[in-house]
Amino acid sequence: MKTYYLIGVILLFCSCTAKISPIEYGVDNCDFCKMGIVDNKHASQVVTDKGKNYKFDAIECMISYTAENEQNQGPYLHILVSDLTNPGTLIPAKEATFIISKNIPSPMGAFLSATKTNQEAQKLIEQNSGKIYTYTDIVKQIKRH
């Protein structure tokens, strides 16, 4: 009997780990605005401490969703954004550098993108104009609108 109990406990812990689920472009819908997620340069995702994945078609949708739902969802273990310079690759939002450039459109019209490094963001700003933000700054910026 102890063996069955031990197996049950092990299965319970293995099934409750918070895993990042790949975004299925053209299949998944945004959990905030309900639009289809098709742009692999601007998509984002959060994973709760309970392992629930929420996917978004734009970074501004993710920021708006987390601002409205963190009390109900609990803490987020992963907050991820697409790397504009490496489409389809999700990077930790708190480590990313964000840019707003009117010359780089995003799905919801905020012209908001993210890069893995500040150097990549600087290069994009030199080529396209715009402004650089940290995660904390961009959250404040989006919440104001």
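Student: Before we get to the sheets, when do two strands count as a pair here?
Tutor: Two strands are taken as paired if DSSP finds at least two bridges between them, and please keep in mind that this is a predicted model.

Student: OK, so in what order do the strands of the 4-stranded sheet come?
Tutor: The order is β2-β1-β3-β4, in an open sheet whose strands pair in antiparallel fashion.

Student: Why is one side of β2 and of β4 left without a neighbour in that sheet?
Tutor: Because β2, residues 53-56, and β4, residues 90-92, stand at the edges and have a single partner strand each, one side of each is left without a neighbour in the sheet.

Student: How many bridges join β1 to β2?
Tutor: Strand β1, which covers residues 44-48, is joined to β2 by 4 bridges, and the two run antiparallel; within this pairing, Gln45 has Lys55 of β2 opposite.

Student: Switching topic, what is the strand order in the sheet of 3 strands?
Tutor: That open sheet runs β6-β5-β7, again with antiparallel pairing, and its edge strands are β6 (112-115) and β7 (131-133), each of which pairs on one side only. From one strand to the next, the twist averages 30°.

Student: Which residue stands opposite Phe98?
Tutor: Phe98 faces Ala114, a residue of β6, and the strand β5, residues 97-100, is joined to β6 by 4 bridges in an antiparallel arrangement.

How values were computed
Residues numbered from 1 in each chain as written. Predicted model: local features only at pLDDT ≥ 70, side-chain atom pairs only at ≥ 80, totals over all residues. Heavy atoms only, no water. Axes fitted to C-alpha atoms, helices over the stretch in contact; angles between N-to-C directions.
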